[in-house]
Amino acid sequence: GAVWKKMNPARIFLPLFAAASLTSAVADDRPNILFILADDLGWRDLACYGNKFYETPNLDRLSEEGMRFTQAYAPAPICSASRAAFLTGKTPARLGFEFVTKNEPGFQPVDASLRAPAFTLNLSTEEKTIAEVLAEAGYETAFFGKWHLNRHHGRYLGWSPTHGPPAQGFLHATEDFGSHPYSYWNKKEQRKFSPKIEHAMLPEDGMTGHAIRFLRGKHERPFFLMVSHFWVHTPVHTRAKWLHDRVLKRIPDTHPRRGELAQYGAMVETLDHHVGELLAALKAAGLEKNTLVVFTSDNGGHPEYFGNAPLRGSKWNLYEGGIRVPFLVRLSAVIPPGTICETPVAGVDLLPTFAEVAEAAEADLPSDLDGKSILPLLQKPDAEFSERDLFWHFPYYHPEGKKYDDAPEKIGIDDGFTSKTKPNSVIRSGPWKLIRFYESGVGDELYHLPADLSEQKNRAASEPEIFGKLRGRLDAYLNQCGARMPVPNPAWQKND
């Protein structure tokens with residue numbers, strides 16, 4: 001029968017496993033786990049998070065049937081680093097994987113005073129992933145969608161035979177761009193509305209189809225299914241004119257980026273549609289009640305589209321707009337419907353959470369995890385959850401090359417610009433957030449988030465005691481996990 005390794009948080013799941021403990025040892029009623037990861041979806045992109053322009057009924061329903069987190073964070077402001085951290089339960093600082101994968105080794109081509117660490121090309125197979133932990137616990141594992149954790153193999157985002165999903169613990173895995181613009185962007189004649197897409201219809205998404213076929217298959221043991229969407233990453237485009245026009249009508253004529261918002265909104269609503277298909281398949285297969293569903297995004301939204309107001313910043317930087325993301329969780333026997341949790345949680349929390357759901361032996365988990373199981377919060381959103389510090393480390397610049405030189409210096413709120421990001425690290429401790437910048441002459445920043453969600457009032461000078469404590473804890477953490485740091489750039493052409 002089912003035996004929990006940690007008794008306190010595990011008690012909340014005992015009703016689900018009563019049958020397993022009363023019948024034969026073969027019965028296995030542990031919950032299935034469905035992890036849906038969106039790409040570049042911002043904190044305010046869904047209607048359930050306050051968006052007034054876009055309709056997201058399927059994700060709103062997931063929120064209504066489960067728990068919506070208001071202070072959930074991606075592990076990084078950029079794709080590969082964040083995905084590596086989700087899968088391992090370790091921060092990018094600890095992993096030494098803080099940027100995106102590249103085709104070749106090297107350094108960022110940025111004319112700046114510091115040089116970022118060398119590119120990390122692959123997630124090391126020495127790291128233990130969620131899939132490997134759950135496979136050892138007896139789960140069937142499957143992955144479909146965007147990987148982006150190895151150097152591009154054969155094509156952009158191609159999976160490596162040595163570092164792709166099958167090499168990292170996933171038993172079932174199929175590559176497919178689905179109907180995302182990646183699938184047709186090389187054919188310029190297809191970058192337009194398609195007359196074949198009738199009203200209220202959308203192209204079939206092959207990637208979602210693979211996941212649905214997996215759900216419909218025979219399962220003799222619980223499963224962990226990760227569906228990693230390409231939506232809503234650029235290229236931002238829809239081929240469905242009816243959907244574009246429907247979104248456009250909701251956006252005021254006076255909005256300076258009305259056209260971009262309409263195309264982007266069509267992407268968001270398409271993502272919602274495919275999530276709905278997946279959840280419908282889960283229900284049709286009779287798996288809905290005993291499946292833990294988690295939906296989130298790998299980083300904040302792209303600055304040139306919806307914007308992330310009232311949050312400052314965007315994808316590529318460590319202001320709230322770059323790391324605060326939607327986070328929805330449903331498990332009907334445990335989570336009261338329509339609940340909201342305001343406790344800060346992070347993407348690194350998923351591995352220990354999923355491991356506890358799967359009853360994985362504690363000895364099978366890596367000893368240096370940064371995440372913490374959030375099971376107590378799922379039963380009771382205001383549960384006692386010992387406060388802990390959260391950390392981010394981005395020792396890189398963005399954008400790269402000439403784009404960096406042309407980017408605005410200031411990172412604003414919903415300004416439509418890809419602004420200069422400079423090497424920096426962050427600690428969030430309770431209500432306080434400290435941002436440490438590494439370039440000389442760039443001062444550190446301290447914000448009190450409950451009173452200043454938009455990060456406009458720097459309190460570094462007015463709160464020296466808090467500043468000093470947080471700076472010390474941030475430095476100690478980075479030192480403890482051997483974080484890679486930016487160094488003086490030998491090729492810097494200083495402009496006098």
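These entries record what I looked up on one helix pair and on the cysteines.

**Basis.** I worked from a predicted model, in which local features need pLDDT of at least 70 and side-chain atom pairs count only at pLDDT 80 or more, while totals for chains, interfaces and linings use all residues. Residues are numbered from 1 along each chain as its sequence is written, and side-chain values use heavy atoms, with hydrogens and water left out.

**Helix pair.** I took helices as DSSP runs of H or I with at least four residues, numbered from the N terminus. I found that the axes of α8 (residues 241-248) and α9 (residues 258-284) come within 8 Å and cross at roughly 120°. Axes are lines fitted to C-alpha atoms over the stretch in contact, with angles from 0 to 180 degrees between N-to-C directions.

For the contact (heavy atoms within 4.5 Å), I listed Leu243, His244, Arg246, Val247 and Leu248 on α8, and on α9 Arg258, Leu261, Ala262, Gln263, Gly265, Ala266, Glu269 and Thr270.

**Burial.** I counted a residue as buried under 20% relative accessible area, with a 1.4 Å probe and protein chains only. In α8 the buried residues are Trp242, Leu243, His244 and Val247, and their cover includes α9.

**Cysteines.** I searched the whole structure for disulfides (cysteine sulfur atoms within 2.5 Å) and found zero. Cys341 is in none, the nearest cysteine sulfur being that of Cys48, 15 Å away. I noted Cys341 as buried at 0% relative accessibility; Cys79 is buried at 4%.

Terms used:
Helix = DSSP H or I, 4+ residues; strand = E, 2+ residues; numbered from the N terminus. Buried < 20%, exposed > 50% of the residue type's maximum accessible area, 1.4 Å probe, protein only.
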